[in-house]
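Dear colleague,

I am handing over the structure we spoke about, and it is shown just below. Please have it open while you read the notes that follow.

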Amino acid sequence: MDVALKIWRFDPETGERALKHYNVEAPEWACLLDVLDIVKDQVDGTLGFRKSCRMMICGSCGMRMDGRAILACKERMKPIVERGHVPVISAMGNMPVLKDLVVDMTPFWTKIRRMKPWLDTGYEEIPEREFRHTQEEMNPIHKESLCIMCGCCVSECNSMESDPEFFGPAALAKGFRFVGDPRERAQVERLESYNDEHGIWDCTRCYFCNERCPKGVDPRDAIAKLGAESIKEGIDRDLGAKHAKWFVHSAKTTGWLRETELVPKTQGVVSAIKQTKFAISLAKHGKVPPPVPPHVADRVQEARGLHELVHSQGRAGAAGIVQGEKALSRIEHPSDGDGA
Ligand code: SF4
Ligand code: SF4
Ligand code: FES
C-alpha cells in the first residue's frame with residue numbers, strides 16, 4: 001500500500017523545526033513503526049526515533065500521531081490509508097525534544113525514582129520461609145503493574161503542562177503499585193510523601209492519561225486510589241483531601257453539595273472571611289443557596305443508604321474507587337485458599 005505521512009522534524013544543531021511530507025510503499029500489515037523504518041532506510045537515514053521490542057512491551061516508541069500520544073508499534077496503518085488520511089507524527093509532549101521524535105526522558109525517570117519504585121518489606125535479611133500470595137491479593141495492583149514506562153500519559157498530562165514539577169500520572173501509578181502491594185510495609189510513609197506539594201492532589205482529573213495509556217493502566221484511577229488511601233490513613237492536610245472529605249459528608253447529610261460551606265470547610269474560616277465580598281456577589285446573583293436552613297434533598301435517605309452500603313461492604317480507601325476495566329490483559333485465578 002502507498003502510505004503518506006507528515007513528520008515534525010527537529011534538528012538540534014540548527015534549532016530548526018520543519019513539517020516534512022513522506023510517501024513510501026509499505027506492506028498491508030505495517031504499523032507506524034514499520035513505516036518509520038522504511039522512511040529511515042529508503043528516504044532519509046537521519047530521521048530520529050526510538051524503538052526496541054516492536055510488540056508493545058519495552059515502551060520505547062512513544063510519540064504523537066495527530067496530536068495524541070501513541071505507541072508507534074501499536075498503530076496499524078491500513079485503516080488510516082483506506083480513509084485517505086495523512087497523519088502528522090510528532091514527538092511526545094511535556095518533555096524536551098532532543099531530535100525529531102526523540103524526547104529527553106530524564107524528568108520522567110527522576111519522578112519515577114522519587115516514588116522509590118521498590119518494595120519495602122520491613123525485613124533486611126530474606127527469611128527462610130516462603131511468602132505466598134493469592135491472585136486476589138495482587139489484583140488491586142494488576143493494572144498498575146502493566147505499566148511499560150512509555151511516557152504517553154505524561155505527554156498528555158494537563159497538570160504537568162502548567163506545573164512541570166507535578167509528579168505526574170506514570171510516577172503516581174508506580175506509587176500505587178507499591179502502596180497496594182500486600183508485601184509492602186511502608187505504605188504510610190509513601191502516602192505522606194505522595195501528599196507533598198506537586199503530589200496527588202495537584203491532578204486536575206482531566207482523565208487524559210486514562211484515555212491515552214496504551215496498556216490500560218488507567219493512571220488517574222491509581223491517583224484516586226492514593227487519595228482514598230491517604231484519607232483512610234488520616235493524611236488529609238492538603239486542601240484537595242479536605243475538599244473530597246467535605247463532598248462525602250455533604251452528600252451523606254443532605255444529599256446535595258452544600259457549596260456555601262465548601263470554602264470554610266476546605267480552606268478554613270480565615271480564608272472564607274476574606275472571600276465574603278465574592279460570596280455576597282454570588283448570592284445576589286442567585287448562584288448559591290442560603291446556608292440556613294441547609295438544603296436537604298427530598299430523598300436524602302437514598303444518599304445515606306448508599307453511604308451505609310459502601311461502609312458495610314468494607315470499601316474504605318482504594319477498595320472504594322470504582323474503575324473501568326480496560327486493561328489489555330487480565331489474569332483471574334480462583335483462590336486456592338492458601339494465601340498466608
Ligand atoms: S487526570 Fe491528572 S494525572 Fe491524568 S492527565 Fe489529567 S491532570 Fe494529568
Ligand atoms: S501508565 Fe500507561 S501511558 Fe503511562 S507510562 Fe505507564 S504504560 Fe505508558
Ligand atoms: S518498540 Fe517497544 S513498545 Fe514499541
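**What was found**

Leucine 5 touches Lys20, His21, Tyr22, Leu32, Val35, Leu36, Val39, Val86, Pro87 and Ile89, once residues up to four places away in sequence are set aside. Please keep in mind, here and throughout, that this is a predicted model.

As a general point, nonpolar side chains in soluble globular proteins tend to be buried together.

To place this in the whole chain, the domain assignment gives a further part, domain 3 (239–320), besides domain 1 and domain 2. The C-alpha centres of domain 2 and domain 3 are 27 Å apart, and 7 residues of domain 2 are in contact with 7 residues of domain 3. The secondary structure comes to 15 helices and 7 strands, and the C-alpha atoms fill a box of roughly 75 × 65 × 35 Å along the principal axes. Of the 340 residues in the chain, 39% are buried. Among the contacts with a separation of 6 or more, 68% are between residues 24 or more positions apart.

Which residues of H12 (residues 259–267) are buried? They are Glu261, Leu262 and Thr266, and they lie on the same side of H12, because they cover an arc of only 120 degrees around the axis. The buried residues of H12 pack against helix H11 (239–254). Threonine 266 counts as buried because its relative accessible area is 7%, which is under the 20% cut-off. Leaving aside neighbours within four places in sequence, threonine 266 is in contact with Leu239, Lys242 and His243, whereas the C-alpha atoms of threonine 266 and leucine 306, 40 residues apart along the chain, are separated by 24 Å. Just after H12, glycine 268 takes a positive phi of about 100 degrees.

Arginine 54 has a positive phi of about 65 degrees and lies in the loop between helix H1 (32–43) and strand E3 (62–65), while aspartate 66, with a positive phi of about 50 degrees, is found in the loop between E3 and strand E4 (68–71). Arginine 54 is partly exposed at 37% relative accessibility, and aspartate 66 is partly exposed at 39%.

Finally, there are the ligands. The residues around ligand 1 include Cys157, Cys203, Cys206 and Cys209, together with others such as Phe166, Arg205 and Arg220, and the shell divides into 8 nonpolar, 2 polar and 2 charged residues. Around ligand 2 there are 13 residues, of which Cys147, Cys150, Gly151, Cys153 and Cys213 come nearest, and this shell divides into 11 nonpolar, 1 polar and 1 charged.

Definitions and conventions
Residues are numbered from 1 along each chain as its sequence is written. Chains are lettered from A and ligands numbered from 1 in the order in which they are written. This is a predicted model: local features need pLDDT of at least 70, side-chain atom pairs count only at pLDDT 80 or more; totals for chains, interfaces and linings use all residues. Side-chain values use heavy atoms; hydrogens and water are left out. A residue is near a molecule or strand if one of its heavy atoms lies within 4 Å of it. Ala, Val, Leu, Ile, Met, Phe, Trp, Tyr, Cys and Pro count as nonpolar, Asp, Glu, Lys and Arg as charged, and the others, Gly among them, as polar. Contact means heavy atoms within 4.5 Å. Buried means under 20% relative accessible area, exposed over 50%, partly exposed in between (1.4 Å probe, protein chains only). Helices (H or I, at least four residues) and strands (E, at least two) are DSSP runs, numbered from the N terminus. The arc is that of the directions from the helix axis to the C-beta atoms. Domain bounds come from an automatic or database domain assignment.
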